[in-house]
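Trainee: I would like to learn how to read a structure like this one. Could you walk me through it?

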Amino acid sequence: MKEPVFLQACRRQPTPYTPVWLMRQAGRYMPEYRAVRDKVSFLELCKTPELAAQVTVEAVERLGVDAAIIFADILLIVEPMGVGLEFSQGDGPVIHRPLRSGRDIDRLHARPAAPSLGFVFEAVRRARAALPQEIALIGFAGAPFTVASYLIEGGGSRHYIETKRLMYADPGAWRALMAYLVQATTDYLNGQIAAGAQAVQLFDSWVGCLSPADYRSFILPHMQALIGGLAPGVPVIHFGTNTAGLLELLAEAGGDVIGVDWRTDLDAAWPRVGFDRAVQGNLDPVSLFAPLDILRGRTARVLDAAAGRPGHVFNLGHGILPHTPVEQVIALVELVHEMSAR
Ligand code: CP3
């Protein structure tokens with residue numbers, strides 16, 4: 001049995017065409033997803049393995065992508081920590097009791113997170129069983145910095161003032177929080193792998209707010225510990241946005257595949273990441289709102305920048321936006337397959 005094309009590309013093996021999947025490929029832009037969400041809340045959906053597996057698989061069937069990503073959220077891991085997680089309509093995620101001090105962080109340690117996330121592992125098992133062999137299943141988690149930013153700010157943030165304040169003012173507490181999140185995330189991802197995830201993605205979506213020096217001292221050692229603790233042989237995708245100043249450091253921190261957003265061209269990014277890694281990306285998600293001929297041109301530009309080198313996984317530079325036309329997403333997947341065929 002041949003490996004899925006997506007996994008071959010993660011391992012930098014030559015593939016018959018460039019594989020493509022899209023971050024947030026199951027979501028509100030898709031009518032099938034909205035139909036499920038009309039009946040259950042977002043958290044209920046995540047916690048019902050049958051439904052989570054269903055929306056995971058439906059997205060693949062609708063779009064024709066080469067990989068599925070398990071339907072879940074980077075913040076599920078914080079719920080068992082007892083900080084009061086809520087997904088409020090319109091405002092995004094809210095954490096009712098954010099961490100603001102070393103004492104708040106000490107209190108977390110009594111609460112191991114991963115054992116209470118069995119519903120995600122069950123969704124992975126069900127999705128894997130329902131997917132065709134040639135479609136890979138990706139597991140994921142938030143990276144410690146990005147998850148910590150929600151735990152500390154209490155929600156999304158613009159300047160990450162509380163997060164950086166804690167990092168600068170109490171480096172011991174910061175290290176304790178990182179060590180705690182590294183342990184929880186390692187267990188969580190290894191649980192997804194044991195349940196059938198064939199690759200895992202770490203979303204460090206907001207780490208681009210840090211300077212290179214801060215990344216090196218406050219993040220890099222923890223990412224190395226986390227990635228070093230994952231089951232061997234399973235490709236790790238390391239993704240962040242606004243990382244134009246951090247690409248070398250992201251690669252040094254680890255990952256078989258480095259995710260690149262659209263603010264850096266792939267032909268500039270890849271040599272900086274190193275040709276010993278695969279790259280993933282990096283079409284601007286807003287390109288999907290452009291007329292088809294423009295979308296085609298922009299897709300061609302991303303493929304040209306990768307130059308047919310083994311180890312390119314086509315994706316957007318960040319997640320699909322709400323209101324994205326589904327037909328455009330289907331057209332994008334066809335364009336990538338067609339234009340990259342070799
Ligand atoms: O990619 C997929 O299809 C898998 C599912 C997935 C979701 N969230 C589902 C979701 C993934 C991979 C995520 C990751 C995630 N979650 C990130 C990192 C990705 C990124 O964009 O950088 C972050 C920062 C979160 C935290 C989060 N969850 C936010 C900020 C929001 C609100 C966003 C919004 O558009 O309202 C969520 C909720 C969420 N997670 C939704 C979905 C489909 C929308 C919930 C709904 O109303 O149905």
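This is a predicted model: local features need pLDDT of at least 70, side-chain atom pairs count only at pLDDT 80 or more; totals for chains, interfaces and linings use all residues.

Trainee: How far is an oxygen atom of the ligand from an N or O atom in the side chain of serine 205?

Mentor: That distance is 2.4 Å, so the pair falls within the 3.5 Å cut-off. For histidine 318, a side-chain N or O atom lies 2.5 Å from a ligand oxygen, and for arginine 37 the corresponding distance is 2.7 Å.

Trainee: How much of the ligand's accessible area does the protein cover?

Mentor: On its own the ligand has 880 Å² of accessible area, and the protein covers 88% of this. The ligand takes up the space of the largest pocket. Helix H2 (31–37) and strand E3 (92–95) are the elements that give two or more residues to the shell around it.

Trainee: Which residues come nearest to the ligand, and how does the shell divide?

Mentor: There are 23 residues around the ligand, and Arg28, Tyr33, Asp73, Ser205 and His318 come nearest. The shell divides into 15 nonpolar, four polar and four charged residues.

Trainee: Now for the rings. How is a pair of aromatic rings described?

Mentor: By the distance of the centres and the angle of the planes. Here the count comes to ten aromatic pairs. One of them joins phenylalanine 42 and phenylalanine 71: the centres are 5.8 Å apart and the planes are at 80°, so this pair is edge-to-face. Phenylalanine 42 is in helix H3 (residues 42–47) and phenylalanine 71 is in the loop between strands E1 (67–69) and E2 (85–88), so the pair ties together parts 29 residues apart in sequence.

Trainee: And what should I look for in the backbone?

Mentor: Most residues other than glycine have a negative phi, and most peptide bonds are trans. Arginine 12, in the loop between helix H1 (5–10) and H2, has a positive phi near 60°. Glycine 281 and asparagine 282 are joined by a cis peptide bond with omega about -5°, and asparagine 282 belongs to strand E8 (residues 278–283).

Notes. Residues are numbered from 1 along each chain as its sequence is written. Side-chain values use heavy atoms; hydrogens and water are left out. A residue is near a molecule or strand if one of its heavy atoms lies within 4 Å of it. A polar contact is a pair of N or O atoms within 3.5 Å; within protein, one must be able to donate a hydrogen and the other to accept it, and residues adjacent in sequence count only if both atoms are side-chain atoms. Accessible areas come from the Shrake-Rupley method with a 1.4 Å probe; for residues, only the protein chains shown count as cover. On a 1 Å grid over the protein atoms alone, a cavity is a set of points where a 1.4 Å probe fits but cannot get out, and a pocket is an open set with protein on both sides within 12 Å along at least five of seven lines; lining residues have an atom within 4 Å of a point. A molecule sits in a cavity or pocket if more than half of its atoms lie within 2 Å of its grid points. Helices (H or I, at least four residues) and strands (E, at least two) are DSSP runs, numbered from the N terminus. Ala, Val, Leu, Ile, Met, Phe, Trp, Tyr, Cys and Pro count as nonpolar, Asp, Glu, Lys and Arg as charged, and the others, Gly among them, as polar. Rings of Phe, Tyr and Trp (its six-membered ring) pair if their centres lie within 6.5 Å; planes under 30 degrees apart count as stacked, over 60 as edge-to-face and the rest as tilted.
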